[in-house]
Amino acid sequence: MDRSLARRLTATLGERLDGPVTARHDTTEIRVKPAVVADVLTALHDAPDLRFEVLADLCGVDTGTDFQVVYHLWSEATPDWLRVICGPLPRDDPRVSSATFLWKGAEWAEREAYDMFGIIFEGNRDLRRIYMPPDYESFPLRKDFPLPDEASRSPGLGVREVEQMRQPIGAVAGAPARRDRSGLA
Amino acid sequence: MTAPQQTRVRSLDDPEVFVERPATLYDAVPPYPPRTEREAEFYALQEGEMLINIGPHHPSTHGVLRLVTKIEDEIVVDLDPVLGYLHRGVEKICENSDWHMVISHCDPLEYIASMFSEMVPVYAAEKLLDLRVPRRAEYIRVLAMELTRILSHGLYIGWLALDVGAITPVLYGFIERDEIAEMLAALTGQRLLYNYMRIGGVNGDLNHEFMSRLGDWMGHAGKRLDDNMRLLNENEIFVKRTRGLGVLDRETAIRNCVTGPPLRATGVPYDVRRAHPYSVYPELDFEVPTRTEGDSYARYLLHLDEIKQSMRIIDQVLEQIPDGPIMAKLPRLLRPRPGRSFASIESPRGQYSVYAMSDGTDQPYRLRLHDPSFFNLEAVTQMVPGTLIADLMAILASLDPIMGGIDK
């Protein structure tokens, strides 16, 4: 945990931060609003005492009510990872500006976030599906995306069904399975 | 999407005859108006240019990868990799399975070096649980991972040579790989998908068969590495096919988020083991080799240097490994407190990271897997314009992409 990093972040970003700087383990976390995220990333990249020049990861997250875009950055000026959580993006029209003007490599990561969550990155030159077929219409990693069957939804459910099938003939219908694995479900 | 246009294709009955058929979504030239700026630019052909489709099933694409290549004569003008042929939605699967099952789901991602792809979610889970792993377990993990790194790098050298037209080195690569695979089979019970790491430790302690195989191998590994180096390092054909090709400069590499050997071959000493230490790496003495040329040949030499460093690490691990338990005491059912964690390790291909979120249940709320080959493959589109089609394969092989991890 790098305490001076929080001070430097607050000094550089000021009121562009949405909430306090938090830290756990080796990761410092800041939250920003979608409107200022391009601004914040540029500041983090260019500020001489921050120099977050390596984009380690970019991903989308569905919190159940809205979406987030999460950036993980690395800098030689601090031993910590920096996590930038950009949110909330409204569910019906999630839009955020692209990070490709800083890191060209973010292009595919943003395509993936678009493919999986439907988040639109404004300024990405190649925002099309990357894994799913081009005529696919849903966004699979959204929390409301249905799973095809019960067994894949929860491991415990599948196990319980198999155990019920293995009950000896003549066992009382509805009796609990021999090993109670309800905790898994 | 507009009404499909017609495409001219060769007739199935008579290949000399061209017939018109409705274009489908999966044709190389999409029938609909281009969806993005980049697609419009790519599919607008200039005079003398043509599109050629390589893959998805092609031995030199290292997995199921399709490359739509725009060529002029034999020169590659532009490249549009099409992914997703191995996509199985492993992130969604992980969200619906419990923390222990994640390990075996993540195993086949980086199937050449699966010790790494199962290690990262374990680190992420341990961070969420605030867990202290016994030191012996950490040493065993490092030992297993460095052996896997040597295995993966050995195969890399063989495949790179195979893709530039040499058959012999891949056979030597497989000899090396087979010895290590047998060794790890004695340790973990599996040759390829180990499922060995556990949240809180490892599955089994070092055993006699593993140690005796390791001792045998260490006796001749250095000499065999030298032999392999003599075979390729100054081989004129190999050097001509790799030196000066696929050049990546420092700024482009960082802008494209390239990590691992391709980045270090451009002169950036970025290795997660040193840049952001994890496990017992701070206690081990090793160097981060770098090169400055940034071409395929530099990447090849860098892999050789890394094998030597991994051998140094293995020597030290065997000297320093303490006695003690190999698993932390944990309940069978893990329910990490709600929170987020980010774990990252240096896999043979670069920085492999996981962003895990827990909502307090026994299943991860979100498990983002980030494979280094994904960004490294993206950089190919920057490296190949202007090279021959035959060199495209050599450049691709020199980046060592693994489609299992890229497609997830």
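Reply: Two residues are in contact if their C-beta atoms, placed from the backbone, lie within 7 Å. Among contacts in chain B between residues at least 6 apart in sequence, 66% join residues at least 24 apart. This is a predicted model, where local features need pLDDT of at least 70, side-chain atom pairs count only at pLDDT 80 or more, and totals for chains, interfaces and linings use all residues. Residues are numbered from 1 along each chain as its sequence is written, while chains are lettered from A and ligands numbered from 1 in the order in which they are written.

Me: Why is chain B called as compact as a globular protein of its length?

Reply: The globule rule (2.2 Å times the number of residues to the power 0.38) is set against the radius of gyration, taken over C-alpha atoms. For 408 residues the rule gives 22 Å, and chain B has 23 Å, which is close, so chain B is as compact as a globular protein of that length.

Me: Why is B:D78 called partly exposed?

Reply: A residue is buried with 20 or more other C-beta atoms within 10 Å of its own, exposed with 12 or fewer, and partly exposed in between. B:D78 has 18, so it is partly exposed. Of the 408 residues of chain B, 48% count as buried.

Me: Which residues does B:D78 contact, leaving aside its neighbours within four places in sequence?

Reply: They are B:F42, B:K70 and B:P385. B:F42 is 36 residues away in sequence, yet the C-alpha atoms of B:D78 and B:F42 are 7.2 Å apart.
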